Amino acid sequence: MSALVVRGRLPLAVATAALAVAAVVQAGTAGTTARPGLPPQVGAAGDESANNGVDQMAAKRGLVAPGAYGQAVTALSATTRTPALWSEVTTRPYNSDDTDYDAQPASNATGGAGYVTGRITGIAGDAAGYVYAGGANGGVFRRPPNSTTWTPISDQIPSLSTGYLTLASDGSLWLATGEFNFGGYSVGVGVFRLANPQTGTFSMDDRVGGSELESTMIRKLVFDSGTVWAATSRGIWKHSASGSFTSAWTRVFEPVDDTDLGVTKYSANLTDAIAVQPGTGGRVIVADIAYWAQTSYNGFYYSTDYGVHWVRANPGGAINPREIGPADMAFSNDGKKLYVVMESPALTSKQGHVNTALAGVYVSNSGSIAGPYSQIATSSKLANANSAMKQTEIGKGYQPGVQADYNRFITVDPNDANHVYLGLEEVYETRDGGSSWNTAGRYWNFGLGCWTLTASTCDGNVVHSDQHAATIVGNTLWVGNDGGLYSRSLAKGTTSWMNHNNETGLRALQYYSVGVGKVPGGVAVWGGLQDNGVSLLKPELSNMVSPEGGDGGDTLTDPNNGCRSVGEYVYLTLQMTTNCGFSPHGSVSGSVVNIAPNDPGAQFIAPVRADSTDSGYWVAGGEDVWANTKTWDSTSGDDWTKLYDLGAGHAATSLASQSHVVWTGWCGVCSARAFTAGIATNYGGTWHDLGDLTALGLPNRTVSAMTIDPSDPSGATVYAVFNGFSQPWAEGPGSGHGHVFVTHDGGAHWADVDGNLPDIPASDLVITPSGTRVLSTDLAVFVSPAGQDGAWTRLGTAGHDIPMAVITDLSVGPDGNLYAATYGRGIWRTPLPA
């Protein structure tokens, strides 16, 4: 399991630890009503906002040259199939607030987010009542008027990553693929136009242009005067919005030459916002082009001649042109006001030492990109607007805008230029142009005077955290965030939200891992999710539940007792339950126990495994490799013993253990701007590193899985699986190096066994009891028979495939099924291949 992603909601215990400090400093102040007596987890408030999570994922996935993804899809279509009927496992609604699983201190249940379904990054709706929602990596779903049933309508295109979704004036639905949140799984295949979205489905025939926007992240599409403009990770592009859609897109502006995709260009031309000023007939276009770190090109840009020429603005007033970061922009409907919400690169560089990354919220009351700007909100002002992120509520270090580089939107009521909605971690509203604000969608209810463990009198102004998308349809505001889709009336005095995440068919859950174990009546299925905790599905439950909150990571489950499971919060924070996390209102002491080893430098998502022949031996990997012989009798992190130090700045990316012979893949530096991979093992009796992988014929890319062949009891036969596309410092497609390698002599020699695989990132490999090799990739699952390395076939009968979401993890279940975790479309299973 190699998956690693960006940010997430705090687990309660992290906020509790911060509050405990705040309570000492501010003794006697209101709001320090954290749950009493909760032991703090490892970590501190703001862990999820650290940009090393982004950086590590970008390093794992790499830069993708336009055309590479399309070539892989073409190769996939020509691959022979092995019949298999895949079916979705995670079809029940996921209730993150089930009070029977309010395990202390791990759970976020009773916080108020309710049902969740994964990150939503695109929303559109029409006057007829049709609504369209795009999952970050789950594709587009359609809901008809007066219905609560959603249907996927983009499963026939080879990327389910949604960057933006909008309806054009002719009623067509435009989909920009390639989510812009630097999450690593955001491989786009361009822009699509669906002429009849109320009844149709997207296909490759609906693509606008050719392959020029493949492998590009797209933040926004805007229309005016017969032209559609795209804000992308590679600058600003345009295309005709009518007539023929087969002609190529034209790039009209990029401040940095990025044609070589070089290491110095990783952060180049990220166009975070684009808007056409109303009332100018498409003549005036404005944009923000900026990276979350300080670069020479960060700035506001504009054109006054329909996009022919572009000029860097010199904004006046409250915005310092030398401190511009990623921003969202929105004009009032008359074009006379321009609102901006902006991240501060200077503050982001100090994360862990400051409370926020928000530069501020601004308005140009002239509508000019040059301003002058007035600052209408700061982090402190928003925190004091009934926010749950006030220091006295959540603790120091996690105030509004702490993740402004990741979650942002700003939208203006088309009928009222002073009525504005702002999305950061929470949703805020002003009705007077920013003079005053109110928190319309709180982070959670914890810490508030209206909340207690067994009862709550809080109003319904709570949504899941981390806002990414918003649109106003009629008199309704729709928002998409890390938890899913919510809506509310624009009417003044509204105090609740409609949660759409339990509606039939809206399923965009982003899993990093899956674990399966027997329970009465069948199996328990566990999984770690991006910002939606650790989910549990049991036969007798009508909903999935969440015994552990925050970001979920890797999963270790007892195959013979599915109520025994270890879930991970970030940085190897391991949490164990032996009773399925069952704890009504926190009533079961020790229902979930923190057993995290004291590792100095684990990856954001780090590996943990059980030995394949000795269930009483676990291994975990951070900067150090750890072993645990107490396993299900563990009581704390002290039960881990350090086996090996991978070295300062190195961190495990994958692990395998068989008869206590351990193999681990590692990276260090694990960065998108510099990268080194390695493999270490104790094969032969002593720990050692294999040294330079390229000297062994292996690529310098993330080692996403290590798998020991059970037919070789010595542990000398091992498969190494590599993730990632090409980068200047990490070889990829076309380099002559593949994604799956095997050694039969303990790592001295390796053979490339890609065979007929498409040239595409791979994430995991398992070996079934019959010896079949099963490989997960970005597009499909592949199998090869025992003794026939490289003879890969696609596992799945046409029409019964897993949707083309990234398949992050595989697990052989005790029920004779193969389970596959996807990053965007939940967990799937099929009977084990022969």
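1. Cysteine 450 and cysteine 458 are joined by a disulfide, with an S to S distance of 1.9 Å. The model is a predicted one. The torsion about this S-S bond is about 90°, so the disulfide is right-handed. Cysteine 458 has a relative accessible area of 16% and is therefore buried, the cut-off for that class being under 20%.

2. How many disulfides does a search of the whole structure find? The search returns three. With bonded cysteines counted along the protein chain, the pattern is 1-2, 3-4, 5-6.

3. Another of these links is formed by cysteine 563 and cysteine 580, whose sulfur atoms are 2.0 Å apart. The value about the S-S bond is -90°, and the link of cysteine 563 and cysteine 580 is left-handed. Cysteine 563 belongs to the loop between β37 (555-557) and β38 (565-569), and cysteine 580 to the loop between β39 and β40, so the pair ties together parts that are 17 residues apart in sequence. Cysteine 563 and cysteine 580 are both buried.

4. A disulfide is also formed by cysteine 667 and cysteine 670, with their sulfur atoms 2.1 Å apart. Here the torsion about the S-S bond is about 110°, so the disulfide is right-handed. Cysteine 667 is buried at a relative accessible area of 2%, and cysteine 670 counts as buried at 13% relative accessibility.

5. The ring centres of tyrosine 101 and phenylalanine 582 are 5.7 Å apart and the ring planes stand at 75°, so the pair is edge-to-face. Tyrosine 101 counts as buried, with 5% relative accessibility, whereas phenylalanine 582 counts as partly exposed at 36%.

6. Proline 584 is placed in the loop between β39 (573-577) and β40 (593-594). Its C-alpha atom is separated by 5.9 Å from that of tyrosine 101, although the two residues are 483 residues apart along the chain. Leaving aside residues up to four places away in sequence, proline 584 touches Thr99 and Asp100. Proline 584 counts as partly exposed, at 23% relative accessibility.

7. Four strands make up an open sheet in the order β25-β26-β27-β28, and their pairing is antiparallel. The edges are β25 (409-412) and β28 (438-441); each has a single partner strand, so one side of each is left without a neighbour in the sheet. On average, and with direction ignored, neighbouring strands of this sheet are turned by 25° against each other. Strand β26 (residues 420-423) pairs with strand β27 (residues 427-430) in the antiparallel sense over four bridges. The bridge partner of valine 420 is threonine 430 in β27.

Note on methods
Residues are numbered from 1 along each chain as its sequence is written. This is a predicted model: local features need pLDDT of at least 70, side-chain atom pairs count only at pLDDT 80 or more; totals for chains, interfaces and linings use all residues. Side-chain values use heavy atoms; hydrogens and water are left out. Helices (H or I, at least four residues) and strands (E, at least two) are DSSP runs, numbered from the N terminus. Buried means under 20% relative accessible area, exposed over 50%, partly exposed in between (1.4 Å probe, protein chains only). Contact means heavy atoms within 4.5 Å. Two strands pair if DSSP finds at least two bridges between them. Axes are lines fitted to C-alpha atoms, for helices over the stretch in contact, and angles run from 0 to 180 degrees between N-to-C directions. A disulfide is a pair of cysteine sulfur atoms within 2.5 Å. Rings of Phe, Tyr and Trp (its six-membered ring) pair if their centres lie within 6.5 Å; planes under 30 degrees apart count as stacked, over 60 as edge-to-face and the rest as tilted.
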